[in-house]
Amino acid sequence: MTTQALTTPAAEANRATELALLLVLATLWGGSYSFIKIGVETIPPLTLIAARTLIAGAILLVIIRWRGVTLPRDIASWRRFLVQACLNSVVPFTLIAWAERSVDAGLASILNGTTPVFVFLIGLALAPGKRPDARKALGVLAGVAGISLIVGVQAFAGLGSAVVPQLAIVLATVCYACAALFGRNFGGMDPLLPAAGSMLMGAAVLLPFALVIDRPWTLAPSRDSLMALLALAVFSTALAFAIYFRLIRTLGAVGTTAVSYLRVPIGVAIGILFLGESLSPTAWAGLALVVLGVAAMTLPERKPAARA
């Protein structure tokens with residue numbers, strides 16, 4: 001006699017919640033490129049990112065205290081927070097903010113949208129005996145192809161004209177991939193703890209450099225740049241990273257980094273709804289590929305039949 005594992009309504013509801021949170025995270029991070037672009041107009045990249053992490057860390061710390069949760073006090077946890085901070089904020093945030101002064105947003109989104117590719121490949125390298133997941137591999141390829149079609153082939157016209165900034169974005173993407181994999185070390189924690197801990201450690205690393213190099217007290221940032229910094233810290237960092245660490249625990253590293261693919265179509269949707277933009281047939285095809293890629297990487301695996 002054989003019985004097949006059935007998906008319960010509760011499991012389906014949980015999966016719908018996680019996918020909804022993935023969509024929210026994509027929206028929050030999708031807007032970060034615009035905030036950064038506005039911010040670096042009058043705020044140096046290092047100071048912008050130092051302030052971003054400090055404000056986000058302070059907000060998360062207040063929320064943690066309000067909820068009655070306490071940050072860990074052991075050195076081992078804070079060492080992990082430091083590693084996570086370097087991989088997920090200090091290095092990639094700074095590289096992207098610096099690169100966006102000369103790299104177009106479309107090309108930057110293509111390069112940064114390859115995070116799941118690196119997660120997939122690094123995951124295989126760390127587990128050489130593990131058999132590759134064909135479905136996730138399909139999702140990786142479909143997502144990259146979809147982003148390219150949505151943004152447009154013309155976005156690649158600038159490829160190579162600013163090699164160093166483009167390589168900086170690729171390096172940031174590799175950092176994000178490593179951060180997603182390393183984030184699994186916080187599986188037993190409340191998601192707010194690694195989010196706050198990594199932001200606070202990131203601020204501790206960045207602030208001294210910003211004070212010495214940029215001397216922020218001598219700057220005269222515009223109102224738009226300050227508003228962009230605030231939005232970047234509150235929504236695209238504090239709220240986004242609280243969601244991110246929850247999804248790392250529930251969807252896994254590869255599934256969570258599918259958010260990289262969702263950023264672009266969400267940006268397109270915002271343009272259609274609020275800016276009166278339109279999509280080409282090629283872009284609609286790309287959107288379909290993105291949906292296919294996200295589904296391939298986030299849908300639960302079918303369990304084998306159990307024999308009784």
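Student: Which residues line the second largest cavity?
Tutor: Its lining is Gly183, Phe186, Gly187, Met189, Pro191, Pro194, Phe245, Ile248 and Arg249. A cavity is a set of 1 Å grid points over the protein atoms alone where a 1.4 Å probe fits but cannot get out, and lining residues have an atom within 4 Å of a point. The model is predicted, so local features need pLDDT of at least 70 and side-chain atom pairs 80 or more, while totals for chains, interfaces and linings use all residues. Numbering runs from 1 along each chain as its sequence is written, and side-chain values use heavy atoms, without hydrogens and water.

Student: What's the volume of that second cavity?
Tutor: About 40 Å³, taken as the space filled by probe spheres set on the points, joined across faces, edges and corners.

Student: Which helix gives the most to its lining?
Tutor: α10, with 3 residues. Helices are DSSP runs (H or I, at least four residues), numbered from the N terminus.

Student: How does that lining divide by class?
Tutor: Into 6 nonpolar, 2 polar and 1 charged. Ala, Val, Leu, Ile, Met, Phe, Trp, Tyr, Cys and Pro count as nonpolar, Asp, Glu, Lys and Arg as charged, the others, Gly among them, as polar.

Student: How many cavities of 30 Å³ or more are there?
Tutor: There are 2. Of its 18 lining residues, Trp29, Phe93, Asn112, Tyr176 and Arg263 are the closest to its centre.

Student: Which elements give two or more residues there?
Tutor: α2 (32-39), α4, α10 (223-250) and α12 (259-275). The lining of the largest cavity has 9 nonpolar, 7 polar and 2 charged residues.

Student: Switching to packing. At what angle do α4 and α8 pack?
Tutor: About 155°, with axes 8 Å apart, for α4 (residues 75-99) and α8 (residues 163-182). Axes are fitted to C-alpha atoms over the stretch in contact, and angles run from 0 to 180 degrees between N-to-C directions. The two helices are therefore roughly antiparallel (over 145 degrees; under 35 is roughly parallel, 65 to 115 roughly perpendicular, the rest oblique).

Student: What residues make that contact?
Tutor: Among them are Val83, Leu87, Val91 and Phe93 of α4 and Ala168, Ala172, Tyr176 and Phe182 of α8; contact means heavy atoms within 4.5 Å. By class the contact has 20 nonpolar, 2 polar and 1 charged residues.

Student: And where α3 goes past α10, what's the angle?
Tutor: Roughly 55°, with the axes of α3 (residues 45-67) and α10 coming within 8 Å. That pair is therefore oblique. The α3 side of the contact includes Arg52, Ile55 and Ile59, and the α10 side includes Leu229, Ser236 and Thr237.

Key: 1 Å grid on protein atoms, 1.4 Å probe; cavity = no way out; pocket = protein on both sides within 12 Å on 5 of 7 lines; lining within 4 Å.
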